Amino acid sequence: MNLHNKVDKKLLKEALMNEDFKRTTLSFYKYAHIYNPTFFRDHLYILLDQVQVFGRIYIAKEGINAQISVPEHRIDDFRQALNQVLFLEEVRLNIAIEDDGKSFVKLAIKIRDKIVADGLNDQSFDVTKRGEHINAAKFNELTESEDTIVVDMRNHYESEVGHFDGAITPDVSTFRESLPIIEDMLAQKKDAPIVMYCTGGIRCEKASAYYKHKGFQNVYQLDGGIIEYARQVEKQGL
């Protein structure tokens with residue numbers, strides 16, 4: 001079986017535009033210990049190709065990061081395919097708020113050293129021992145306290161568009177830059193509740209594990225990032 005799509009991109013785009021069904025664009029990620037990324041990559045390709053998934057997926061020894069599109073009528077099949085992978089059972093899917101489903105023309109799964117560039121030594125701590133996930137309601141409850149420190153883990157050009165009142169917004173261009181800066185800023189506040197948020201959650205997942213390793217005691221992260229927060233706020237009338 002061919003585990004790479006080698007069809008000309010122009011032909012792939014034509015085929016996509018001629019599909020007689022809609023696609024849902026979504027993303028998901030999971031930090032996990034993947035001991036053989038190449039074997040896992042091929043296994044996942046077979047599973048997802050069978051349900052006509054398109055998109056870009058990165059796999060590393062530390063986990064998986066995916067941005068994909070799935071035929072609407074095959075969402076359940078897609079879920080079942082993911083559930084065949086133990087650490088992806090019931091993984092949260094971040095559904096794109098506004099998208100026509102035409103973002104990808106083929107399935108590409110690539111092996112990387114990291115699923116997000118962070119400059120950290122992954123051998124020094126366990127990335128799966130992350131901070132506590134909280135939903136929108138819990139986030140609101142925690143951030144009402146003056147003792148809670150809110151940290152925006154996004155880049156400056158993202159936080160400048162909008163951020164939570166009172167949040168620490170490092171003037172950085174990359175995730176890699178923000179980690180030591182925030183650690184220094186909060187060095188004397190390791191017992192305080194620290195709530196982090198980012199766009200979809202993946203950067204906070206890694207950062208929370210890193211800061212727990214560094215001795216911060218009460219680390220929380222907004223589950224699903226501001227994308228999921230906005231959805232919950234609207235749905236629940238928060």
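Author: What follows is a conversation about a sheet, some aromatic rings and a single residue, and it concerns a predicted model.

Reader: Let me begin with the sheet: in what order do its strands stand, and is the pairing parallel or antiparallel?

Author: As a general idea, strands of a sheet pair through backbone hydrogen bonds, either parallel or antiparallel. In this structure four strands form an open sheet in the order 6-9-8-7, and their pairing is parallel. Strand 6 (132-134) and strand 7 are the edges and have a single partner strand each, so one side of each is left without a neighbour in the sheet. On average, and ignoring direction, neighbouring strands of this sheet are turned by 30 degrees against each other.

Reader: How many bridges join strand 7 to strand 8, and which residue is the bridge partner of Asp-152?

Author: Strand 7 and strand 8 (residues 193-197) run parallel and are joined by four bridges. Ile-149 stands opposite Ile-194 of strand 8, while Asp-152 has Tyr-197 in strand 8 as its bridge partner.

Reader: Which residues of strand 7 point one way, and which the other way?

Author: In a regular strand the side chains alternate between the two faces of the sheet. Along strand 7 (residues 149-152), Ile-149 and Val-151 point one way, whereas Val-150 and Asp-152 point the other way, and all of them are buried.

Reader: Which helix lies across these strands?

Author: Helix 4 (residues 136-143) lies across strand 6, strand 7, strand 8 and strand 9 (218-222), and it runs at about 100 degrees to strand 6.

Reader: Turning to the rings, how many aromatic pairs does the structure hold, and how should I read one of them?

Author: A pair of aromatic rings is described by the distance of the centres and the angle of the planes. The structure holds 10 aromatic pairs. One of them is formed by Phe-40 and Phe-87, which are tilted, with 5.5 Å from centre to centre and 45 degrees between the planes. Phe-40 belongs to helix 2 (residues 37-49) and Phe-87 to the loop between helix 3 (75-83) and strand 4 (94-95), so the pair ties together parts that are 47 residues apart in sequence. Phe-40 counts as buried at 9% relative accessibility, whereas Phe-87, with a relative accessible area of 24%, is partly exposed.

Reader: How are the rings of Phe-139 and Tyr-229 arranged?

Author: Their centres are 5.4 Å apart and their planes stand at 70 degrees, so the pair of Phe-139 and Tyr-229 is edge-to-face. This pair links distant parts of the chain, since Phe-139 is in helix 4 and Tyr-229 in helix 8 (residues 225-236), 90 residues apart. Phe-139 is buried, with a relative accessible area of 2%, and Tyr-229 is buried too, with 15%.

Reader: Which charged residue sits over the ring of Phe-54, and which residue lies over the face of Phe-216?

Author: The charged end of Arg-23 sits over the ring of Phe-54, 3.8 Å from its centre. Lys-190 lies over the face of Phe-216, at 5.4 Å from the ring centre. Ring pairs also link Phe-216 with Phe-125, Tyr-210 and Tyr-211 into a cluster.

Reader: Finally, is Thr-24 buried or exposed?

Author: Thr-24, placed in strand 1 (residues 23-31), is buried, with a relative accessible area of 16%. Beyond its neighbours within four places in sequence, Thr-24 is in contact with residues including Ile-68, Val-70 and Ile-95.

Definitions and conventions. Residues numbered from 1 in each chain as written. Predicted model: local features only at pLDDT ≥ 70, side-chain atom pairs only at ≥ 80, totals over all residues. Heavy atoms only, no water. Buried < 20%, exposed > 50% of the residue type's maximum accessible area, 1.4 Å probe, protein only. Helix = DSSP H or I, 4+ residues; strand = E, 2+ residues; numbered from the N terminus. Pairing = 2+ DSSP bridges. Axes fitted to C-alpha atoms, helices over the stretch in contact; angles between N-to-C directions. Contact = heavy atoms within 4.5 Å. Phe/Tyr/Trp six-rings, centres within 6.5 Å; stacked < 30°, edge-to-face > 60°. Lys NZ or Arg CZ within 6 Å of the ring centre and 35° of its normal.
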